[in-house]
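User: I would like to learn how to read side-chain features in a protein model. Please take me through them one at a time.

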Amino acid sequence: MKQSAGGISVRAARAADVPTIGRLGSLLVRAHHEFDPQRFIPATDRTADGYGSFLGTQLDEPNTVVLVAERDSGVIGYTYAGVEGMDYMSLRGPAGVVYDIVVDPAHRGHGIGRMLLDATLDALKRRGVPRVVLSTAERNPVAQHLFDRAGFRRTMIEMTREMSD
């Protein structure tokens, strides 16, 4: 599976991509922590390696999709998604779940996130999922706009209360 447009291609991630995916995953952790430091874990000097290592274990899983966007043979974004069955905790039936979507900040604003999202939705559709769900940070209007434009609707709101309050 390979899609390309405007010098950017989207393809399945490979083991050689893991260090860059880890770096991008660390950016995701940092951004969320900045949105709400009480809710989201902070990145550490080991986050990129740990994140990359974890995603590396997912590359060959049959119910997982890990895609990268690349330009000039360099990875500039990735998505991580999976196929899940019935989930009584979420009160939903089988679904594709988009866990991560990240574009390197130097490459944002050029439609790369949408390319990655569309390719991920296509991959999940080929796996037969009846719907796709995802979560986005309350304080991330750019991502929410991307998902709105891609046809997602709001269905749940996570609420957090710190017990030290």
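Analyst: Start with burial. A residue is buried when its relative accessible area is under 20%, and exposed when that area is over 50%. Between those limits, a residue is partly exposed. At 6% relative accessibility, D17 counts as buried.

User: Where in the chain does D17 sit?

Analyst: D17 is in the loop between β2 and α1.

User: Which residues does D17 contact, apart from its neighbours within four places in sequence?

Analyst: With those neighbours left aside, D17 is in contact with R11, A12, V68 and V75. The side chain of D17 reaches the backbone nitrogen of R14 at 2.7 Å.

User: Which residue forms a salt bridge with D17?

Analyst: R11 does. The closest N and O atoms of R11 and D17 are 2.8 Å apart. R11 and D17 are both buried.

User: Which residues are joined with D17 into one network?

Analyst: R11, D17 and E70 form one network, through salt bridges that share partners.

User: Which residue forms a salt bridge with D104?

Analyst: D104 pairs with R23, and their closest N and O atoms are 3.0 Å apart. Here the two residues come from distant parts of the chain, 81 residues apart. D104 is in the loop between β5 (95–103) and α3 (112–126), while R23 is in helix α1 (residues 18–35).

User: Are D104 and R23 buried or partly exposed?

Analyst: D104 has a relative accessible area of 12%, so D104 is buried. R23 is at 36%, so R23 counts as partly exposed.

User: How does the salt bridge between D148 and R154 read?

Analyst: The closest N and O atoms of D148 and R154 are 3.6 Å apart. D148 is partly exposed at 38% relative accessibility. R154 is exposed, with a relative accessible area of 61%.

User: Next, aromatic rings. How many aromatic pairs does the structure hold?

Analyst: The structure holds 3 aromatic pairs. Take F54 and Y80. Their ring centres are 5.9 Å apart and their planes stand at 80°, so this pair is edge-to-face. The cut-off for that label is over 60 degrees.

User: Which elements hold F54 and Y80?

Analyst: F54 lies in helix α2 (residues 47–58) and Y80 in strand β4 (residues 74–84). The pair therefore ties together parts that are 26 residues apart in sequence. F54 is partly exposed at 41% relative accessibility. Y80 is buried, with a relative accessible area of 10%.

User: How are the rings of Y80 and Y99 arranged?

Analyst: Their centres are 4.8 Å apart and their planes are at 45°, so the pair is tilted. Y80 in strand β4 and Y99 in strand β5 are 19 residues apart. Y99 is partly exposed, with a relative accessible area of 34%. Together, F54, Y80 and Y99 form one aromatic cluster.

User: What else does Y80 touch?

Analyst: Residues up to four places away in sequence are not counted. Beyond F54 and Y99, the contacts of Y80 include L55, Q58, T64, V65 and V97.

User: Now strands. Why is strand β2 read as largely enclosed by the rest of the structure?

Analyst: Strand β2 (residues 8–12) has 4 of its 5 residues buried, so it is largely enclosed. β2 pairs with strand β3 (residues 64–71) in the antiparallel sense, over 5 bridges. A12 stands opposite L67 in β3.

User: Where is confidence lowest, and where is it highest?

Analyst: Confidence is lowest in strand β1 (residues 2–5), at a mean of 65, and highest in β5, at 98. The protein averages a pLDDT of 94, and 96% of the residues score at least 70. Where pLDDT is low, the predicted coordinates should not be read in detail.

Methods
Residues are numbered from 1 along each chain as its sequence is written. Side-chain values use heavy atoms; hydrogens and water are left out. A salt bridge is a side-chain nitrogen of Lys or Arg within 4 Å of a carboxyl oxygen of Asp or Glu. Buried means under 20% relative accessible area, exposed over 50%, partly exposed in between (1.4 Å probe, protein chains only). Rings of Phe, Tyr and Trp (its six-membered ring) pair if their centres lie within 6.5 Å; planes under 30 degrees apart count as stacked, over 60 as edge-to-face and the rest as tilted. pLDDT is the predictor's confidence in each residue, from 0 to 100. Two strands pair if DSSP finds at least two bridges between them. Contact means heavy atoms within 4.5 Å. A polar contact is a pair of N or O atoms within 3.5 Å; within protein, one must be able to donate a hydrogen and the other to accept it, and residues adjacent in sequence count only if both atoms are side-chain atoms.
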